[in-house]
Amino acid sequence: MTLELRAIRILIAVMVVAGCSRRPPDAASVPLSAPVVSSIALPDAPPDGVFMDYLAYDRLTHRVWAPAGNTASVDVVDANSGRVIQIAGFAIAERELRGRMRTVGPSSATVGNGAVYVGNRADASVCRVDAVSLVVGACITLDAQPDGLAYVASTQEVWATMPADHSITVLDASGTALTKQATIRLDGQPEGYAVDDHSGRFYTNLEDKDRTVTIDVHSRQVSSTWPAGCGAEGPRGLALDDQLGFLLVACTDRVLAVDARHDGVLLSAIAVGGGLDNIDYVSARRELYAAAGRAATLTIARLDTKGQLTMVALVPTAPGARNAVATEAGTAYVADSPQGKLLVVAPFGSTPLNTGDRGETRAR
């Protein structure tokens, strides 16, 4: 990167940080929207809620996967009907998390080829679950607790980020069993992920170093790294438009659009409110979905071919609701852990789902 380019990037970053506040700076021109927002109560939710972290959406089966840690289960929602199927019997344990003792269990999921892989903080395991029958298959125990899971289709692998170990574990997922292939050591705590199968790149953040890292999926070597620009609280989730080569980096109160093919040059930013963690992006709609827990809003923004983010809607959600995933039709699911629910934000002008109390429980 040239000195001139670095100077331009620093200037833009200073302007972005100066303009960011709890509410987006352009919120006055985009009033709080009123799309249909409904909710789905998760089974066996205790009074203090359901601990959820990473959600996943399977575009082939049209199912939302919600690992529901403290209930020892994974809840699978049919996006067409709203029906919930509970896969029970996962391990749970008491662990200290951010200075508090919590009951932890399954906390992350990623969609593979005919299977969904579930990470569990209680026993440091990753399990394969059949995407159609929902039968739990082979599991493997890792050396540390998995945080995020990402399926790399080009190599048929599952990559598990492990912040406490400053590493990523690579698992062979080409068959019905899971086997450890490699450990990638990093200079910090990996947080968030995005996979570019076309170019063979894996992206993650180093939360404690405020950096974004590119890893070659074939050599498993770090190929580039650049400052994330999120500040002391560090970067969180990631999302990618692989056709444009633009990476979306979630800070705790805003999302940055950067050019991943040119050393992470900053293209634009949008403030979304405090309490942001993971984000989602639907390439076919070029839409970003960012649910901020402290602000209690879901920001939907459009990404253009120049990397500019423009707000489409600012939707009221609930305090603590975060980590949205979205369907190809633009329906967003937001983890409302304090209330033990999934919030369902329907696309504008659509009919809400029938989210009655239909459900089913399956033991492992």
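Me: Where is His-166?
Reply: His-166 is in the loop between β13 (157-162) and β14 (167-172). Strands here are DSSP runs of E with at least two residues, helices are runs of H or I with at least four, and both are numbered from the N terminus. Keep in mind that this is a predicted model: local features need pLDDT of at least 70, side-chain atom pairs count only at pLDDT 80 or more, and totals for chains, interfaces and linings use all residues. Residues are numbered from 1 along each chain as its sequence is written, and side-chain values use heavy atoms, with hydrogens and water left out.

Me: OK. What is the phi of His-166?
Reply: Positive, about 50 degrees, although His-166 is not a glycine.

Me: And how accessible is His-166?
Reply: His-166 has 29% relative accessibility, so it counts as partly exposed. The scale is this: buried is under 20% relative accessible area, exposed is over 50%, and partly exposed is in between, with a 1.4 Å probe and protein chains only.

Me: What about Asp-263, what is its phi?
Reply: Asp-263 has a positive phi too, about 55 degrees, and is not a glycine. Asp-263 sits in the loop between β22 and β23 (265-271), and with 38% relative accessibility it is partly exposed.

Me: Switching to cysteines. How many disulfides does the count come to?
Reply: Two, where a disulfide is a pair of cysteine sulfur atoms within 2.5 Å. If you number the bonded cysteines in sequence order, the pairing is 1-2, 3-4.

Me: Which cysteine does Cys-127 join?
Reply: Cys-139, with an S to S distance of 2.0 Å. Cys-127 lies in strand β10 (residues 125-130) and Cys-139 in strand β11 (residues 136-141), so the link ties together parts twelve residues apart in sequence.

Me: Why is the disulfide of Cys-127 and Cys-139 called right-handed?
Reply: Because the torsion about its S-S bond is about 110 degrees.

Me: Are those ends buried or exposed?
Reply: Cys-127 is buried, at 2% relative accessible area. Cys-139 is partly exposed, at 38%.

Me: And what does Cys-230 join?
Reply: Cys-230 joins Cys-251, with 2.1 Å from S to S. That link is left-handed, with -75 degrees about the S-S bond. Cys-230 is in the loop between β19 (222-227) and β20 (238-241), Cys-251 is in the loop between β21 (246-250) and β22 (254-259), and the two are 21 residues apart. Both Cys-230 and Cys-251 are buried.

Me: New topic, polar side chains. Where is Asn-323, and what does its side chain reach?
Reply: Asn-323 is in strand β28 (residues 322-326) and is buried, with a relative accessible area of 2%. A polar atom of its side chain lies 2.8 Å from the backbone oxygen of Asp-53, and the side chain also reaches the backbone nitrogen of Asn-278 at 2.9 Å.

Me: What else is Asn-323 in contact with?
Reply: Leaving aside neighbours within four places in sequence, its contacts include Tyr-54, Leu-55, Ala-291, Tyr-333 and Ala-335. Contact means heavy atoms within 4.5 Å.

Me: What does the side chain of Thr-110 reach?
Reply: The backbone nitrogen of Tyr-151, at 3.0 Å. Thr-110 lies in strand β8 (residues 106-111) and is buried, with a relative accessible area of 8%. Beyond its neighbours within four places in sequence, Thr-110 is in contact with residues including Ala-56, Val-116, Leu-149 and Val-158.

Me: Now sheets. What is the strand order in the open sheet of four?
Reply: β24-β25-β26-β27, with antiparallel pairing; two strands pair if DSSP finds at least two bridges between them. β24 (280-282) and β27 (309-316) stand at the edges with a single partner strand each, so one side of each has no neighbour in the sheet.

Me: How many bridges join β26 to β27?
Reply: Seven, and β26 (residues 297-303) runs antiparallel to β27.

Methods
A polar contact is a pair of N or O atoms within 3.5 Å; within protein, one must be able to donate a hydrogen and the other to accept it, and residues adjacent in sequence count only if both atoms are side-chain atoms.
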